[in-house]
Amino acid sequence: MSILIDRRTRVLFQGITGRTATRMAERAIAGGTSVVGGVRPGKGGTRHLNVPVFDTVADAVNATEPDATAIFVPPEHAAAAMMEAIEAEVPLIVCVTERIPVLDMVRVKEALAGSKSRLVGPNSYGVITPGQCRIGVMPDRPHTPGKIGIASRGATLAYAAVDQTTRLELGQSTSVGIGGDPVHGMGFADCLELFLADKQTEGIVLIGELGGDDEERAAELLRSEKPKKPVVAYIAGVNAPPGRRMGHAGTVDPFGEHSAQAKIEALKSAGAIVVESPSLIGHAMRQALWRH
Amino acid sequence: MNLHEYQAKELLGRYGIPVPRGAVASSAGEAREGARELGGGTLVVKAQVHAGDRKAAGGIRIVSGEAEVADVAAKLIGRRIVTSQTPPEGIAVKKVYVEQALDVEREIYAAVLVNRAEAKVSVVVNRQGGSGVESALTQRENLIEVAADADGVDAAETKRLGEALSISAEQAAALARILSEARRAFFELDASLIEFNPIAVTRDGGVTVLDVKMSIDDNAMFRHPELEELRDEDEIDPLEREAHRFEINYARMDGNIGIVTSGAGFGLAAIDMIKAAGGEPANFMDVRPMASRDQVAEGIRLLARDKRVRVILAMPVGGGLLHCDTIAEGISSVFRKDGKILPVVYHAAGTGKEISEMTLRNQGVPAAFADSMEEAVREAVRIAGSRTR
């Protein structure tokens, strides 16, 4: 088992003819991901990477019945692409696009409420169940099938955790990039819930940063669920200069209250193991699993 | 993109939001002229810089008469204002805004902002506004959320607002109009923040916006080419501005350890690791996924231009798009083309780790290779502490 995606997942690529989308779709296909089609307005009826291309998501859904769609659409059109996928009731939407206007995401979230879709991202590295299915921009190596579930806001910190858990022969069940934008789809709590219910996942890694309240919501869930599976967390941004924009749109927080320190306290008091350096994630997880 | 107060007032004035009469000036002469047009009397001279806490830093002065306006303007223009929200050396004042002073009875704080936790736009007010309430947003217990939709604030909510703030029905109605229009402007202009601090209830019973802080979502600028001319490039750190051109998110800090990392989260983590090891980071860096070798090289040259930097700590984590070798090639390229480079401490992980280390070794870059992030950080802190430049 795994969460969100596995070898049966049929994947659509919106914006499939773009440079990055092409590279990442090629890599997905080479690794065994079932890519069933692509969408590119104006190129309906053609083929790209040997899969059919459609003008609209609705056409693609009718013809290929995808379980998930990857959004590789420029920021100007990304919200419309997500809306189209929501309307066509694609169960899982994974958006890697960066720099989407925040009010566009407010509108997308409105459309998501009560819909049949789940959203990962935007500004996400994607979702990968190693050896089975990948939707996103992550590297294949050093991912390896295994028992650790990872959810992270940032990509590189997640890759570091993947690297460590692979070296320690723990491997990963699924890794989910919840994305660095202030308004986004699935949060840590949503991922945690799925990982707790997933038999393959024996330990869970959460990698957060200052701003927003995703970490706090995850802490609340931990407090009420008291899970047996260990949760190791790392939170970046304890020393971030206040009021400055630091790369992620997600790191600006007008409410200012959700400091990295507050998140660390919240997770610790909820029973998570919070490490002080990203290099300690793997070891902390191995130790926690031994104790179990 | 942050707007100056005078720009925000101009924009919001078009929405019928009441602001005092004012005039923007780039010189003492212009300020005097503006004061004359405003009819003299008691006026406020305000330095136009993108930073809060201006009053405490002497950037807002209440004066009377044209002569004093010119005098204060002459002192402010060209001066650097240093507040908690500016870079350490402050921001130079290029323009002042001269405004009619009002007889203020009561100050209220209000803001329209993206409530990220609930993924919606929120309108909030605080009973108290004015200087010293710069952090009103952080005191959530004092914030009152105002229900508003595309039609604005309705009658029932206006009544509730009046009661919560202890203001008259007319004043509540005026405030509700301001908030409704501000919300409309927020959506139409793709704002990321509109903060009124304060809105004044004047002695004659009026309700007027005294100060506004407004930002436009940079990611939405493609929809607002007309707002591009409001951008004040001088307000952005020149290094940060340049870095942006090279696909690099960069923010300057006060220390002497230059950081080269990719990913915003990892960039923040590197800062925390350095601090924990007793060092001082010179910057935040997030080399974006599509950056090229040459862009990375330019980023490293930018780092070296900050004369405080004594060592470069490069900790790439290779992903699916950006590989470690791109970072290493950037470093090597600086060394090869410039004939010199600051001492480099290097630790790589992920895609391209081995090849990146080989690149640095083959090019003879003076790099210390660390086996772990901790070791790399410790070594960088040691070099920064021992080396003078």
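The model is a predicted one, and the predictor assigns the complex an ipTM of 0.93 and a pTM of 0.93. Between the chains, 52 residues of chain A are in contact with 49 residues of chain B.

**Confidence**

- Chain B has an average pLDDT of 91, and 96% of the residues score at least 70.
- Within chain B, the lowest confidence falls in H6(B), with a mean of 85, whereas strand S19 (residues 344-346) of chain B has the highest, at 98.
- Where pLDDT is low, predicted coordinates should not be read in detail.

**Interface between chains A and B**

- The 52 residues of chain A that are in contact with 49 residues of chain B include at least two from each of helix H1 (19-30), H3, H4, helix H5 (155-167) and strand S12 (203-209) of chain A.
- H5(A) gives the most to the side of chain A that touches chain B, supplying 6 residues.
- Sorted by class, the side of chain A that touches chain B comprises 27 nonpolar, 14 polar and 11 charged residues.

**Helix H3 of chain A**

- Helix H3 (residues 75-87) of chain A has 13 residues, which at 1.5 Å a residue should span 18 Å, and the 19 Å between its end C-alpha atoms agrees with that expectation.
- The buried residues of H3(A) are A:Ala78, A:Ala79, A:Ala81, A:Met82, A:Glu84 and A:Ala85, and they pack against several elements of chain A, among them strand S1 (10-14), helix H2 (57-64) and helix H4 (102-112).
- After H3(A) comes A:Glu89, which has a positive phi, near 60°.

**Helices H6 and H8 of chain B**

- The axes of helix H6 (residues 238-245) and helix H8 (residues 293-305), both of chain B, come within 10 Å and cross at roughly 170°, which means that H6(B) is roughly antiparallel to H8(B).
- In this contact, B:Leu239, B:Glu242 and B:Ala243 of H6(B) meet B:Gly299, B:Leu302 and B:Arg305 of H8(B), and the residues of the contact divide into 3 nonpolar, 1 polar and 2 charged.

**B:Ala25 and its surroundings**

- B:Ala25, which lies in strand S2 (residues 22-25) of chain B, counts as buried because it has 25 C-beta neighbours inside 10 Å, the cut-off being 20 or more.
- Leaving aside residues up to four places away in sequence, B:Ala25 touches B:Glu30, B:Ala31, B:Gly34, B:Ala73, B:Lys95, B:Val96 and B:Val98.
- B:Ala25 and B:Ile77 are separated by 52 residues in sequence, while their C-alpha atoms are 9.3 Å apart in space.

Key:
Residues numbered from 1 in each chain as written. Chains lettered and ligands numbered in written order. Predicted model: local features only at pLDDT ≥ 70, side-chain atom pairs only at ≥ 80, totals over all residues. Axes fitted to C-alpha atoms, helices over the stretch in contact; angles between N-to-C directions. Helix = DSSP H or I, 4+ residues; strand = E, 2+ residues; numbered from the N terminus. Parallel < 35°, antiparallel > 145°, perpendicular 65-115°, else oblique. Contact = placed C-beta atoms within 7 Å. Nonpolar A, V, L, I, M, F, W, Y, C, P; charged D, E, K, R; others polar. Expected span 1.5 Å × (residues − 1). Buried ≥ 20, exposed ≤ 12 C-beta atoms within 10 Å, placed from the backbone. pLDDT = per-residue confidence, 0-100.
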